[in-house]
Every structure is written in structure tokens, then in C-alpha cells.
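Student: I would like a close look at a single part of this model, taken slowly. Please start there and then move on to other places worth checking.

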Amino acid sequence: FRKDNIMWIVSLKNGKYKYCERYIDPYSEKTKTASVTLEKDTPQAKKQAIKLLSEKIEAITTTDPAQKNITFGELLNEWFPYYQAKNKRKTWKQVDGNLKRIHTVISDDMLIKNIDGKLITKLIDEMYTFGTYSYNYTSQIRALLSTIFKFAISRKYLSNNPVKDTEIALKIEDKNKQREKIENKYLERDEAEKIISYLANKKRCLLHSRMSEFLWLTGLRYGELQALKWNNYHDGSIRVEGTLDSFMRSITEAEKTSPKTSTSFRVVDLPDRAIEIIEERKQFDLIHFSAEDDDYIFLSTRGNPLVLNSFNLKLKEAAKANHIDKDISSHIFRHSHVSLLSELGMPLKSIMERVGHSDAKVTLKIYNHVTKKAKKDIVDALNNL
């Protein structure tokens, strides 16, 4: 692609020297010029310029993926800014930790054309098959690698995605977990009430209790609850329009982003008890803060949101104290809200609109399970007449 392969030198006003060479652009087929600037005009500098120009022109003109010797590290540096621009902070902040795990098998100096399914399977085996990492986390790492290599394909550095040649075979114990009863995905009404009551009576856990109850009565995600501001509350309803970055520990650093999906933008009508909680929060905020339109609703006495991990620890403590053997986290109240509405006979479509789901397997499973149980209760009641 070079033209005449002739290099010439231009003296610059600042005392430096610009070494130039022509080449043919592979896309436009027009003659263009590549250049590098060096401090001196000596035989050694000319040799250095020839090498640098050769590398620069080769990088510009090489369009055949087989001729591109891109390393994994170079690919990551090119890929990450695009990934960062397309994803929420919560998502891209996890990349550093995930890459540390990937780098135990795939190093930055490896050529991506040599990374194959066998190498990725080695990573999967070390993490999950013969390791201690969970199936979900290993799947997350595999999915991240697939995203990175898809980017390489879009840049024509690769023609095939090596992740496609791999799979994660479930261990026997994880197969049993997948068959776990759907009842463990949500709290029964008495279980939810026990946890809420326990937290309400525990020192410095009243906010945990009110937030748990509000989640149970509305079906909000934890981040959506944290992102609620006073200007989102109006006439007995709340407008869900964002989620608070769970990586942040204080309101001054917190980043409010858009909700999880387009269907997550919604207005949720509140029952009387949820309105009471909101009004109680307003009195609290008026005493400790300003309760202005742009202030967050659910704040601690320090003016910060409750960190998700801290909140979940209190929930687990409350569940253990009440002998509730379920995987407790803030999200279980969202599932419990679905259960509650199903028990009340609400249509599935109305439930999904209320919780902001466009498609949710767990929602459907809970709905079907609870409605079947309700039908059985009707028959049992008739048999007991």
C-alpha cells in the first residue's frame, strides 16, 4: 500500500524533525501521508523513523483480520470506553474485578487470534467445575468475555467468537437448587409481617422496617426506592423514573440513573399504609433536613441512603431470629408483592404493569403457584362445609 516507499524529512520551527512517507488508503484508494516527529536528524533517528512509520502504515492499511496481531490487552483498551458509554455505572464498575479473574488464565499479552474455547474452558473449570465460584458468577464472566470478543468481531479482528465453543455444565448440587420450591422465592404474609415487626422493635432499625414494608406494599426494586425524591410523590402515588447507584455510599456521591428497563418507568398508586409511611418520612425529614422537592425520601439520620449490603444483613438477621429459612434480600419483597397481589386475585397483566415487568419468569411462576393454591383453598373450604 506504500507509494514509492520514499521517506522525506521536514524541519520544523521548534527545532524538531517530521519524517513523512506516502501510502495508499485501503478504503478510499487515495494517496495519503503518515508522519512521525523526532528530536534529531541523524542516521540513528532515520532508522527509528523508518521502523515507526512502517508500524504506523501497517496498522492503518491492514484490513485482513488474519494479519492483525491484536493482543487481549489492546482489545480491552479499545473495547472498554464503548462498554462504559453503553452501560450504567453499576455495570461497568464491576469490570475491573471480573477482569482480574479472567487474567488468571488469559493474560494481556496473548494474541486474541490464539485465544480459543479450550483456554476459556480452562477458566470455567478453575472457577466453577473444580473451583469454589458460583454458577451465576462464572456465567457472568463467560458472558463478559463473549461481549469483548463480539466487539473484536465487529472490528474485524476476529471472524469467530471462541466463547461459543464453551459451556458451563451444572454441578449436581446446583441442579438440585434450580429445582428449589417456588415458595422460597417470596415471603408469606405472616413471614413478611414478622420481619417488618422485628426490625421496627430493634434499636436503630426503624428505617429498615419502614423500607421493607414499603417494598412489600409497592413491589419496587431497592434502587428505585432509594431514588425516590419528594417531587416523585404526588396525590397518593409515586412516579418511578430512576434508580440509585448501589455502588455509592452517600447522597453527595450517589448517581441517579434511568430505571432497569423502559417498562420500569411507571406510576405506582399507594395503599393507605404506604402513604402513612411517606407522611412519616416527611415529618422526619422536616425535622432533620429540608424535605425539598429534590431531596431523597428514604434517608438515615446522617442524610445518607442505606447501603444495600447493610440493609440485606439486617433482613437476614430478622429472618434468622424468626426461623424463616429462605434466601432473604431486599428483592424478596418484590416477589412477595407479586404473591400478595396474586393472592388478592389481581390479573397477571395488572401485576406486571405495577412492578414494571415486560417479561418475568419468576413473576409468572409465583402468580401461577399462588393462584393454584387459592383454587385448592376454595375446594378445601367447600369440602369443610
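Tutor: In this predicted model, Ile 378 is part of helix H15, which runs over residues 361-383. The relative accessible area of Ile 378 is 52%; exposed means over 50%, so Ile 378 counts as exposed. On the surface, Ile 378 belongs to a nonpolar patch together with Leu 382 and Leu 385. The accessible area of these three residues together is about 380 Å².

Gly 117 gives a contrasting case. Gly 117 lies in helix H5, residues 117-129. Its relative accessibility is 10%, and the cut-off for buried is under 20%, so Gly 117 counts as buried. Between Gly 117 and Val 240 there are 43 Å in space, taken from C-alpha to C-alpha, and the two are 123 residues apart in sequence.

The structure has two cavities of 30 Å³ or more, and the second largest cavity holds about 30 Å³ of space. Its lining includes Leu 187, Glu 188, Arg 189 and Trp 216. Ser 336, Ser 339, Leu 340 and Glu 343 also line the second largest cavity. Helix H13, residues 331-343, supplies the largest share of this lining, with four residues.

Key: Residues numbered from 1 in each chain as written. Predicted model: local features only at pLDDT ≥ 70, side-chain atom pairs only at ≥ 80, totals over all residues. Heavy atoms only, no water. Patch = residues over 30% accessible without salt bridge, like charges linked within 9 Å, V, L, I, M, F, W, Y side chains within 5 Å. Areas by Shrake-Rupley, 256 points an atom, 1.4 Å probe, with all protein chains shown as cover. Salt bridge = Lys/Arg side-chain N within 4 Å of Asp/Glu carboxyl O. Helix = DSSP H or I, 4+ residues; strand = E, 2+ residues; numbered from the N terminus. Buried < 20%, exposed > 50% of the residue type's maximum accessible area, 1.4 Å probe, protein only. 1 Å grid on protein atoms, 1.4 Å probe; cavity = no way out; pocket = protein on both sides within 12 Å on 5 of 7 lines; lining within 4 Å. Points joined across faces, edges and corners; volume = space filled by probe spheres on them.
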